[in-house]
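Visitor: I would like to learn how to read a protein model. Please take me through it one feature at a time.

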Amino acid sequence: MPEDYKRMILIAEDHPDSREALKVLLEASGYEVALAEDGQEAIERARMLHPDLIVMDIMMPNLDGFEATRRLRKIDEFRQTPILALTALEGAQSRVMEAGCNACVTKPIDIRRFLEIINRWLSRPQPNGI
């Protein structure tokens with residue numbers, strides 16, 4: 001991997017303030033960030049940008065994070081892409097894992113834990129050798 005390569009994270013979040021806060025946090029942590037406002041846009045942006053990790057809000061309009069994750073997992077290139085669910089839903093852990101997410105962070109977000117989870121998933125060897 002080139003020294004100046006930045007891992008790309010796609011954030012799918014319908015609330016503009018939350019989306020922007022996550023973007024600022026992740027960019028300050030050295031990641032390249034792309035944004036989507038709902039699950040359908042997340043799928044489209046993922047196909048276009050091939051992110052290294054996807055942060056998926058669960059409750060979004062048009063297409064929720066559960067269904068967006070299920071659809072992404074049916075696409076070969078996203079079967080191994082880490083997907084981190086964000087949710088304010090109590091007890092959603094098992095549902096997000098059944099949908100295909102790799103981890104779940106509840107809102108309000110514990111920033112330290114959130115970054116630890118992202119760093120852990122992105123430090124794993126990637127299927128494409130990156």
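Visitor: In which sense do strand β4 and β5 pair, and over how many bridges?

Guide: Note before we start that this is a predicted model. In general, strands of a sheet pair through backbone hydrogen bonds, either parallel or antiparallel. Here strand β4, residues 83–87, pairs with β5 in the parallel sense, over 4 bridges. Two places to look are Leu-86, which stands opposite Val-105 in β5, and Leu-84, whose bridge partner in β5 is Ala-103.

Visitor: In what order do the strands of the open sheet lie?

Guide: The order is β2-β1-β3-β4-β5, which makes 5 strands with parallel pairing. The edge strands are β2 (32–36) and β5 (103–106), each of which pairs on one side only. On average, neighbouring strands are turned by 20° against each other, with direction ignored.

Visitor: Which strands does helix α1 lie across?

Guide: Helix α1, residues 16–28, lies across β1 (8–12), β2 and β4, and runs at about 165° to β2. Helix α2 packs on the sheet as well, where it touches β1, β2 and β3 (53–57). The direction of α2 makes about 145° with that of β2.

Visitor: How do I describe two helices that pack together?

Guide: Two packed helices are described by the angle between their axes and the distance between the axes. Take helix α2 (residues 39–49) and helix α3 (residues 65–73): the angle is about 25° and the axes are 8 Å apart. Angles under 35 degrees count as roughly parallel, and α2 and α3 are therefore roughly parallel to each other. Their crossing is right-handed.

Visitor: Which residues of α2 and α3 meet?

Guide: From α2 come Gly-39, Gln-40, Ile-43 and Ala-46, and from α3 come Ala-68, Arg-71 and Leu-72. Sorted by class, this contact has 4 nonpolar, 2 polar and 1 charged residues.

Visitor: At what angle do α1 and helix α5 cross?

Guide: The axes of α1 and helix α5 (residues 111–122) cross at roughly 60° and come within 12 Å. The two helices are therefore oblique to each other. This crossing, too, is described by its hand, and it is right-handed. On the α1 side the contact is made by Leu-22, Leu-25 and Leu-26, and on the α5 side by Ile-111, Phe-114, Leu-115 and Ile-118. By class, the contact of α1 with α5 has 7 nonpolar residues, no polar and no charged ones.

Visitor: What should I look for in the backbone of the loops?

Guide: Most residues other than glycine have a negative phi, and most peptide bonds are trans. Exceptions deserve a look. His-50 has a positive phi of about 55° although it is not a glycine, and His-50 is found in the loop between α2 and β3.

Visitor: Which two residues does a cis peptide bond join?

Guide: The cis bond joins Lys-107 and Pro-108, with omega about -5°. Pro-108 lies in the loop between β5 and α5.

Technical notes. Residues are numbered from 1 along each chain as its sequence is written. This is a predicted model: local features need pLDDT of at least 70, side-chain atom pairs count only at pLDDT 80 or more; totals for chains, interfaces and linings use all residues. Side-chain values use heavy atoms; hydrogens and water are left out. Axes are lines fitted to C-alpha atoms, for helices over the stretch in contact, and angles run from 0 to 180 degrees between N-to-C directions. Angles under 35 degrees count as roughly parallel, over 145 as roughly antiparallel, 65 to 115 as roughly perpendicular and the rest as oblique. A crossing is left-handed if the near helix is turned anticlockwise from the far one by less than a right angle, and right-handed if clockwise. Contact means heavy atoms within 4.5 Å. Ala, Val, Leu, Ile, Met, Phe, Trp, Tyr, Cys and Pro count as nonpolar, Asp, Glu, Lys and Arg as charged, and the others, Gly among them, as polar. Two strands pair if DSSP finds at least two bridges between them.
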